[in-house]
Amino acid sequence: MADKRDYYEVLEVPKTASDEEIKSAFRKKAKQYHPDLHPDDKDAEAKFKEVNEAYEVLSNPDKRSKYDQFGHAAFDPAAGGSYSGGFSGFGGGSPFSGFGGFGDIFGDFFGGGSTRANPNGPQRGESIRQSMTISFEEAAFGCKKDVQYRREINCKECGGTGAAPGSQPQTCPTCGGRGSVTRVQNTILGAMQTTVPCSACGGTGKIIKEPCKACNGNGRTRTYQKLEVNIPAGIDDGQTIRKSGGGDEGAHGGPAGDLLLTIRVKPHKRFVRDGADIHQNIEIPVTTAMLGGTINVPTLENDAKLTIPEGTPSQKTFRMKGAGIKKLNSQEKGDMYVNVTVGIPKKLTEKERELVVKLAEEMGDGGAQKTKPKKKGLFK
Ligand SMILES: [Zn+2]
Ligand SMILES: [Zn+2]
């Protein structure tokens, strides 16, 4: 993450760029590094990914403002720690996995931290963050996926008490079950009162004489969980699905946390996605560009026909309405944008050359003489 380039730098736009400017910079860059134009070029592929990633963030007002505030750390799962205290109580459905230094602040707001009022009261389970990579098509059409992960549950052997079956945990005599003790110290500023976790019971408020063997007295165990998740059609890279109750089980009768599944969408070898729209480059023969004609255009479902009008210049973009991706939670579909490049043959047969020379003469193109081969047979 450390050597990631600034997203504005990647798209070569100022920090003040408008949405339109960002969009047009993205199109230009995506076109420049499109894998179709650089087959087997790892460098171009990396650039292409970088451009996509930068656009994904800067085109979304919410993500852009997070990025402006926190930089790459806003999206780095390693920066904030996925299990920062009390995060599970935050119900915003935010797709951001890292909050930089915010973990502690949320901890204060939502009752995380080590000195809870009642260590044996109901506690909500932590939410669990996972990510899953799906194909471009799976994102476009939706899919069902199994997600496997580890979650913490209450020990089945002891029912979560931590005490061996047949025995009961005892209330800690040192703290009276509160889990914390208050000390008063006399200092030059007067009496200072501090509350610290009880060392006799480790802050749990209970003493377990005979620990449950299955969970070593913790009352909790970790287990593999397999869940089927419905991924809706139209989901985009970086969006998060919340599976309510899929996180860690709550302790002492508290509710379970959620599973937050962030979807990563693999880039397509041909299509570039921009929200619900798809962009692609297609090379057309120079003769089709000049005379007009019909070309086959790959779409997500099958090939479609596109009429190329007579005299089409290179880099002209055609819109195919409704041939894009279904919009999330809507029946509407985006469009397909086809950017045509006129293919100029690198080599001509002798016959072709004669015809092109004739055409050039007919069209009054004096340049034809200059490009005539000096040596015969060079173009065979
Ligand atoms: Zn147990
Ligand atoms: Zn205690």
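Predicted model: local features only at pLDDT ≥ 70, side-chain atom pairs only at ≥ 80, totals over all residues.
1. Residues are numbered from 1 along each chain as its sequence is written, ligands from 1 in the order in which they are written, and side-chain values use heavy atoms, with hydrogens and water left out.

2. That pair belongs to the zinc site: the protein donors of ligand 1 are the SG atoms of Cys 155, Cys 158, Cys 212 and Cys 215, lying 2.3 Å from the ion. Donors here are N, O and S atoms within 2.8 Å of the metal (3.2 Å for Na, K and Ca); water is not among the atoms, so sites may look incomplete.

3. Along the chain, the zinc donors are spaced C-x2-C-x53-C-x2-C. Cys 158 sits in the loop between strand 2 (143-154) and strand 3 (170-171), and Cys 215 in the loop between strand 6 (206-207) and strand 7 (220-231), so the pair ties together parts 57 residues apart in sequence. Strands are DSSP runs (E, at least two residues) and helices likewise (H or I, at least four), numbered from the N terminus.

4. On to helix 2 (residues 19-32): Ile 22, Ala 25, Phe 26, Lys 29 and Ala 30 are buried. Seen down the axis, the buried residues fall within an arc of 130°, so they line one face of helix 2; the arc is taken from the directions from the helix axis to the C-beta atoms. Glu 20 and Lys 28, on the other side, are exposed.

Key:
Buried < 20%, exposed > 50% of the residue type's maximum accessible area, 1.4 Å probe, protein only.
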